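Let's walk through this one with an eye on its charged side chains. Here's the structure to keep open while you read.

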Amino acid sequence: MLLTSARVRRALGAVCVALVLGATAACGEATDSDAKESPTTERPSTKESPSSSPATSPAAGKEGLEKLIVTKVKGFEVTAAAASEVRSSGAVTASKAACQPIADLVGTVAAGSPSDTVYRQLVAASEPEDMTASGVLVGLSSYPRAGAAQALAEVGKAVSACGGGFTTTSADGEDTYAGVTAEDGPTGLDESLAFELTGSLDGEKIPLKYALVRAGDTVALFYAMNPFDPASADIAPTVTAAQIARLK
């Protein structure tokens, strides 16, 4: 995925926005030096909440998703992002078939095959013009029956299988990911998972943070990275909490 709007660039790292979901070629050649040090594969943190939401989708098409996607988060400026602004870098193929669900996230913004998706971009309200400020991209997708659960299951399996890293190829060239590490997913809905994908830019490790939360046949995807200050990359809990509250 390449992010093309100026506001998304600010939110997710400005100049090297092509790295956001793997297109490192536009910001300098990716290196495979980091791939030599492979983290231990961990079981993905897929959680099921005891207070699950209805099994049917709470959203019907883009109009329904627009009513449910986050619009206000304290401390953040929230703006809409059209599909044309959050554009795919084209088909992305993983070197390992088991890692393809993650490669699909690298090339698009939604897991699996959703019927519709809408987006919001968030940047710290105190730093709206800070070119190096961290931000969060939120995607909300609706799926045909059982499609949402299947999408999370496939991503979870990929996280378990791809801890040692993999490469991807696309029209933008080849990119190397040093590893995938499972993390704790947000709680409060039917199920969730989270992971960190380690990319690289000029030999420096760049963490890409992902979290997915399912409510019936709707999935919220959260994504964050910051090539200028990699250690600051984080999906703010206030952002996930705000979106989860709208899906209950």
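Helices (H or I, at least four residues) and strands (E, at least two) are DSSP runs here, numbered from the N terminus. What you're looking at is a predicted model, where local features need pLDDT of at least 70, side-chain atom pairs count only at pLDDT 80 or more, and totals for chains, interfaces and linings use all residues. Residue numbers start from 1 along each chain as its sequence is written, and side-chain values use heavy atoms, with hydrogens and water left out.

The chain has 5 helices and 13 strands. Of its 248 residues, 54% are buried, meaning under 20% relative accessible area; exposed is over 50% and partly exposed sits in between (1.4 Å probe, protein chains only).

Now for the salt bridges: a side-chain nitrogen of Lys or Arg within 4 Å of a carboxyl oxygen of Asp or Glu. The whole structure has 6 of them. Start in helix α2 (residues 61–68), where Glu 63 and Lys 67 sit 4 residues apart, about one turn of the helix. Their side chains pair up at 4.0 Å, N to O, and both residues are exposed.

Glu 66 bridges to Arg 120 at 2.7 Å, N to O. Glu 66 is in helix α2 and Arg 120 in strand β6 (residues 116–124), so this pair ties together parts 54 residues apart in sequence. Glu 66 is partly exposed at 38% relative accessibility, while Arg 120 is buried at 9%.

Another bridge joins Arg 214 and Asp 190, with the closest N and O atoms 3.5 Å apart. Both partners are buried. Finally, Glu 183, Glu 196 and Lys 209 form a salt-bridge network.
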